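Please read the following points with the sequence and the structure open beside them.

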Amino acid sequence: MFSKSTLQKVRNGIFKRKILQVEIENQLLERMKVNQVTTEEAKIIWQGSCPCGAEQSLLKGPRGGLSINVKCEECGQSFNIPPMPWLPEKLN
Ligand SMILES: [Zn+2]
């Protein structure tokens with residue numbers, strides 16, 4: 001049998017780890033939100049143009065699985081375009 005204080009220490013450890021895990025998940029979610037384009041921007045990108053206003057400016061880059069990377073030759077912004085209905089993401 002474990003002593004009460006040992007159990008308490010283990011519980012505290014698990015609790016602290018849980019909090020850390022939630023914090024990391026929140027940070028990842030925030031980052032995803034920042035990188036994701038709006039539905040309006042996505043429609044422009046799906047047509048091969050860039051939200052910066054340049055038309056048909058997206059150059060196709062390397063393919064990663066089902067998604068494709070493109071880069072705007074006008075403003076230099078890169079996007080990762082997954083299959084629909086997922087929204088494209090801005091790459092830094
Ligand atoms: Zn652009």
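1. Contacts along the chain. The model under review is a predicted one. Among contacts in the protein chain between residues at least 6 apart in sequence, 21% join residues at least 24 apart.

2. Secondary structure. Two helices and four strands are found in the protein chain. In sequence order, the pattern is α-α-β-β-β-β.

3. Overall extent. The protein chain is more spread out than a compact globule, because its radius of gyration is 21 Å, well over the 12 Å that the globule rule gives for 92 residues. The C-alpha trace of the protein chain spans about 70 × 25 × 20 Å along its principal axes.

4. Domains. How is the protein chain divided? Domain 1 covers residues 1-35, and domain 2 covers residues 37-92. Taken over C-alpha atoms, the centres of domain 1 and domain 2 are separated by 36 Å.

5. Burial and the nonpolar core. Of the 92 residues in the protein chain, 8% are buried. Which residues make up the largest nonpolar core? This core has six residues in all: Ile45, Cys50, Leu58, Val70, Phe79 and Ile81.

6. Ile81 belongs to the largest nonpolar core. When its neighbours within four places in sequence are left aside, Ile81 is in contact with Ile45, Ser67, Ile68, Val70 and Pro88. Among these partners of Ile81 are Ile45 and Val70, and both Ile45 and Val70 are also members of the largest nonpolar core.

Methods:
Residues numbered from 1 in each chain as written. Predicted model: local features only at pLDDT ≥ 70, side-chain atom pairs only at ≥ 80, totals over all residues. Rg over C-alpha atoms; globule rule 2.2 N^0.38 Å. Buried ≥ 20, exposed ≤ 12 C-beta atoms within 10 Å, placed from the backbone. Contact = placed C-beta atoms within 7 Å. Domains from an automatic or database assignment. Core = buried A, V, L, I, M, F, W, Y, C linked by C-beta atoms within 7 Å.
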